[in-house]
Amino acid sequence: MATAKPDTQKLLTELDDLLLKAKANIASTDSEEELDQERVRYTGRKSELTTILRGIKDLSDDGKKEVGARANEVKEKVLELVEKQSMVLRKKSVERASKEEELDVTLPGNKIPQGRRHIISQMQERTEEIFQRMGFDVVYPYEIDTDFNNFQAVNIPEGHPARDSWDTFWTEDGQIAITHTSAMQNRVLRSHEPPIRVVVPGRTFRHEATDARHEHTFFQVEGVYVDKGVTFADMLGTLQTFFSEFFGQKIGIKFSPDFFPFVEPGGMISIDVSGLGDSFMEISKGTGWLEILGCGMIHPRVLEMGGIDPNVYSGFAWGFGLERVVMPKFAIEDIRLIYKGDLDFVRQF
Ligand code: DAH
């Protein structure tokens, strides 16, 4: 006991000195690497602390306890100091980085210009909303589909002359970029139970030389209505209601017979554009009538191929190009402008 005392005291003093030194060294570090070196130096396996503790074996039991406890305190204190300094360094480095980048976090943010929906998308949405209010579901077409769906299922068998006007882009395995949204008719008929009320808005593709009125890619809206006792008058009423809603005023319509293999009788609907402004009058060549859409009573064979008994049910269908109404409505003179991807054009609407 008597001889151990000074040794104990000596080691305790060494520990105090060590802590003082560590404190100063840790506080003066300038980077995480330096700080880590200091941590190892004071608390690692080969640290000065370890060296001091080596002398502990010559101490009395009480001395061992006292020095051991102090050594633990010192170690914990050093680790605490390292942790604190690490936070200081991190804060400094953020400050340094923002100064270097001249990032003033108090500045208000930049206004990011808002995008705008394309005019065709806006009018598609309007069309869908109107038909939905009238009880129609919306179904989107497959852009690439089979010969069966695009042609055969709408009564255009192989070799039928009507194929010529709808000939388009084929994939190597014999699929087709749909030439009309009528390609969805068969799927719609098969997947719905009467009463069937479905509109099919979607892109269609034609092998077409482009000019101000023609694009190889355009947008059609197909409609299918099937139930018991559906008549021609229902078709006229539905379409007139739609166009009146679309233009926000009562619109007169006119039917003229025409041929489509998938309807009988079939024809074209013209709308009375005399109240719709100059660009409509112009495009109607001053007649006040604009031919807009093909329609008719669904051919019994088309119903049959869709799994619907034509002796029980009847229905009508139509298809129109959305651009045909959008162009005069917004005085767009060239259909190619619509699909050019020109932002100045898009932002006008
Ligand atoms: N599919 C025709 C076309 O692209 C448009 C059409 C006409 C659709 C008559 C119909 C219809 O559903 O009954 O020219």
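Two strands are taken to pair if DSSP finds at least two bridges between them, and helices (H or I, at least four residues) and strands (E, at least two) are DSSP runs numbered from the N terminus. The model is predicted, with local features needing pLDDT of at least 70 and side-chain atom pairs counting only at pLDDT 80 or more, whereas totals for chains, interfaces and linings use all residues. Residues are numbered from 1 along each chain as its sequence is written, and side-chain values use heavy atoms, with hydrogens and water left out.

View 1. Seven strands, in the order E1-E4-E5-E9-E8-E7-E6, form an open sheet of mixed pairing. Its edge strands, each pairing on one side only, are E1 (137-138) and E6 (253-257).

**View 2. Strand E1 beside strand E4.** E1 pairs with E4 (residues 196-205) in the parallel sense over two bridges, and valine 138 stands opposite valine 199 in E4.

**View 3. Helix H12 on the sheet.** Helix H12 (residues 322-329) lies across E5 (217-227), E8 and E9 and runs at about 45° to E9, where axes are lines fitted to C-alpha atoms, for helices over the stretch in contact (heavy atoms within 4.5 Å), and angles run from 0 to 180 degrees between N-to-C directions.

**View 4. The two assigned domains.** The domain assignment, automatic or from a database, gives domain 1 (8-100) and domain 2 (119-346). The centres of domain 1 and domain 2, taken over C-alpha atoms, are separated by 81 Å.
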